[in-house]
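Please look over the sequence and the structure shown below before reading on. The paragraphs that follow lead through them step by step.

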Amino acid sequence: MPELDEEARDKLVANERIKFTGTYANGLAVAIFAVGGFAPFISTALSDRPHFAPVLIAMAVCWIMSGAIPSGVRHALRDLRP
């Protein structure tokens with residue numbers, strides 16, 4: 001019986017590590033979107049001399065990154081063990 005308990009514990013620990021990594025990556029994606037994809041637009045829009053072209057490029061890169069990170073996390077969550 002102790003072997004089953006240890007195996008169940010190992011699965012639980014592995015699943016929690018994967019979920020923790022997913023949570024961290026999700027927070028990172030939100031931060032990238034907020035800091036790199038949204039804040040520069042607001043700052044530029046409220047500026048007295050807006051230069052939208054470089055801001056739009058940076059925003060697009062941040063939006064793509066903030067979308068790609070969760071898709072990678074979803075792929076990692078497939079490794080969860082029942």
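Does W63 count as buried, partly exposed or exposed, and at what relative accessibility? W63 counts as partly exposed, because its relative accessibility is 43%, where buried means under 20% relative accessible area, exposed means over 50% and partly exposed lies in between, with a 1.4 Å probe and protein chains only. The model is predicted, so that local features need pLDDT of at least 70 and side-chain atom pairs count only at pLDDT 80 or more, while totals for chains, interfaces and linings use all residues. Residues are numbered from 1 along each chain as its sequence is written, and side-chain values use heavy atoms, with hydrogens and water left out.

The helix α1 covers residues 2-45, and the helix α2 covers residues 52-77; such helices are DSSP runs (H or I, at least four residues, while strands are E, at least two), numbered from the N terminus. The 26 residues of α2 should span 38 Å at 1.5 Å a residue, and this agrees with its end C-alpha atoms, which are 38 Å apart; the expected span is 1.5 Å times one less than the number of residues. Within α2, the buried residues are V55, M59, C62, S66 and V73. A60 is also found in helix α2, but A60 is partly exposed, with a relative accessible area of 32%. The C-alpha atoms of A60 and F33 are separated by 9.7 Å, although the two residues are 27 residues apart along the chain.

The structure holds two aromatic pairs, a pair being rings of Phe, Tyr and Trp (its six-membered ring) with centres within 6.5 Å, called stacked if the planes are under 30 degrees apart, edge-to-face if over 60 and tilted for the rest. The rings of F33 and W63 are stacked, because their planes stand at 25°, with the centres 6.4 Å apart. Since F33 lies in helix α1 and W63 in helix α2, this pair ties together parts that are 30 residues apart in sequence. F33 is partly exposed, at 36% relative accessible area. The pair of F41 and F52 is tilted, with 6.0 Å from centre to centre and 45° between the planes. F41 belongs to helix α1 and F52 to helix α2, so this pair ties together parts that are 11 residues apart in sequence.

The largest share of the patch, four residues, comes from α1, whereas L46 is found in the loop between α1 and α2 and counts as exposed, at 72% relative accessibility.

Charged side chains form three salt bridges, each a side-chain nitrogen of Lys or Arg within 4 Å of a carboxyl oxygen of Asp or Glu. K11 and E7 meet in one of them, at 3.9 Å from N to O, and both lie in helix α1, four residues apart, about one turn of the helix. E16 and K19 form another, with the closest N and O atoms 2.9 Å apart.
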